[in-house]
Amino acid sequence: MRMTPALVLVGSVVIFTASVFAVIVVPWQTMAHQPSAAWRELSADELAGRKLYIANGCTYCHSQFVRTQDWDLGMERISQPGDYLGLSPHLLGTTRTGPDLAQQGGEHPDDWHVAHLVSPRFTRPQSLMPRFEFLGQENIRLLIAYLQGMGGRDADQRVQRQQEWKARAVAAYNAGADENVKWLHDNVPEGWRPLPTPYPATEPSLQRGAKVYQDFCIGCHGPVGDGQGPAAPYLNPPPLNFTTLRRNLVDGKYIGGILYYQIMNGITGTAMPYFKHELESAKIWDVSNFIAANFIGFDDSNTEPAGIDASYEPLRTQKPASGRWRDHGKGDAP
Ligand code: HEC
Ligand code: HEC
């Protein structure tokens with residue numbers, strides 16, 4: 001076929017029409033005009049918070065768009081077109097430097113957000129998110145209102161659940177240290193309480209536990225486990241002072257299962273986050289061993305029944321304060 005001016009013209013028109021169809025008509029047709037089940041209108045405070053969110057560049061690091069391929073990362077819900085109704089500009093975001101915030105509402109209670117916005121290193125020692133303390137109390141309040149609304153009606157349910165548990169946690173805290181620990185432990189299901197640590201507190205386990213503690217826990221529970229980390233002044237109830245557990249080994253010989261359960265699931269209503277998505281099982285046991293051995297002065301990893309000898313690591317060089325040496329590595333023990 002010869003390239004004539006007429007043919008070039010017809011060809012251009014065909015290509016132009018096809019592009020308009022693909023880029024404008026198709027998306028227009030598929031655009032949602034219906035709200036999703038979770039959608040609701042934003043309140044005045046939430047809209048003001050949204051403006052601050054845009055003005056402070058939160059979108060440069062945070063997306064609000066859970067894609068299908070993110071599902072396995074523990075996301076609550078895949079985003080739907082109807083979630084964004086009436087919001088312009090949409091804040092889908094392009095960079096995922098920080099976690100996706102589409103379902104942020106109710107993930108944490110308000111006091112956690114205050115501490116985190118004042119300095120992200122308080123709640124997450126390794127965070128690279130900038131501090132936003134300069135915004136001042138009122139703006140931080142508005143930002144939190146917006147964050148707690150992310151996820152619409154689903155978020156409202158989670159926020160309500162946080163508030164109900166917060167009331168109980170604060171009441172328990174105000175009742176005194178022993179009552180508080182009793183309340184905390186009563187919320188650990190029966191079956192978990194008599195569970196000893198399945199991994200012995202070997203030297204490497206304690207060292208790994210120390211690293212997990214520094215990377216995730218130290219900003220709240222503090223370097224010596226007394227709950228006096230830099231986040232503490234912002235939190236109610238404040239982070240648990242692990243040394244109070246010494247007096248509270250009410251369940252007898254084991255503390256491992258209790259610690260494991262609380263670290264895995266967090267304590268809803270308090271700033272204590274859940275770590276089930278971030279830390280695999282072995283790391284949770286390692287940090288439990290570290291807390292038990294260093295702050296509580298207790299170590300149940302050498303208690304009977306010992307179970308299978310799964311340790312390929314050298315035993316501790318010092319005899320644990322309360323336990324006895326496990327039988328494996330015969331001849332190593334003094
Ligand atoms: C330079 C990148 C960056 C910017 C800008 C940024 N963040 Fe973050 N954000 C992060 C990273 C990384 C994390 C994960 C570590 C942490 O918890 O701090 C995070 C975590 C968060 C979390 C906790 C999510 C969760 O479920 O644990 C919230 C909420 C949040 N950011 C809100 C904001 C808000 C609001 C702004 C703007 C005022 C903002 N971020 C600006 C990088 C950023
Ligand atoms: C943002 C602050 C914060 C961070 C980070 C944090 N905690 Fe907590 N933690 C708390 C608060 C608050 C409580 C509950 C205090 C209360 O209700 O009295 C708590 C309670 C606990 C308990 C309950 C103990 C019991 O006997 O019931 C354990 C165990 C615990 N934290 C371990 C950890 C570990 C391990 C990490 C790090 C992997 C961690 N925490 C990170 C704030 C935090």
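Helices (H or I, at least four residues) and strands (E, at least two) are DSSP runs, numbered from the N terminus. By that rule, the protein chain has eleven helices and zero strands. This is a predicted model: local features need pLDDT of at least 70, side-chain atom pairs count only at pLDDT 80 or more, and totals for chains, interfaces and linings use all residues. Residues are numbered from 1 along each chain as its sequence is written.

Start with the chain as a whole. Of its 334 residues, 44% are buried. Buried means under 20% relative accessible area, exposed over 50%, and partly exposed in between, with a 1.4 Å probe and protein chains only. Contact means heavy atoms within 4.5 Å. Among contacts between residues at least 6 apart in sequence, 70% join residues at least 24 apart.

Now take α6 (152–174). This helix has 23 residues and reaches 33 Å from its first C-alpha to its last. That is close to the 33 Å expected at 1.5 Å a residue; the expected span is 1.5 Å times one less than the number of residues. Its buried residues include Gly-152, Arg-158, Gln-162 and Lys-166. The buried residues of α6 pack against α3 (110–118), α5 (137–149) and α7. After α6 comes Gly-176, with a positive phi near 110 degrees.

Gln-162 leads on to His-108, which touches it. His-108 sits in the loop between α2 (44–55) and α3. Its relative accessible area is 14%, so His-108 is buried. Not counting residues up to four places away in sequence, His-108 also touches His-113, Gln-148 and Pro-273.

On a 1 Å grid over the protein atoms alone, a cavity is a set of points where a 1.4 Å probe fits but cannot get out. A pocket is an open set with protein on both sides within 12 Å along at least five of seven lines. Lining residues have an atom within 4 Å of a point. Grid points are joined across faces, edges and corners, and a volume is the space filled by probe spheres set on the points.

The structure holds three cavities of 30 Å³ or more. The largest cavity has about 510 Å³ of space. It is lined by 30 residues, and His-221, Leu-240, Phe-242, Ile-267 and Met-272 lie nearest its centre. Helices α6, α7 (177–186), α9 (218–221) and α10 (256–265) each supply at least two lining residues. By class, this lining has 24 nonpolar, six polar and no charged residues. Here Ala, Val, Leu, Ile, Met, Phe, Trp, Tyr, Cys and Pro count as nonpolar, Asp, Glu, Lys and Arg as charged, and the others, Gly among them, as polar.

The largest pocket has a volume of about 1200 Å³. Of its 42 lining residues, His-62, Gly-98, Pro-99, Leu-101 and Gln-104 are closest to the centre. α3 gives the largest share of the lining, four residues. The classes are 19 nonpolar, 15 polar and eight charged. Domain 1 (44–160) and domain 2 (175–296) each give at least three residues to this lining; the bounds come from an automatic or database domain assignment.

The second largest pocket holds about 500 Å³. Its lining has 28 residues, with Trp-39, Leu-42, Asp-83, Tyr-84 and Leu-87 nearest the centre. α2 gives the most, with four residues. This lining divides into twelve nonpolar, ten polar and six charged residues.

Notes:
Chains are lettered from A and ligands numbered from 1 in the order in which they are written. Side-chain values use heavy atoms; hydrogens and water are left out.
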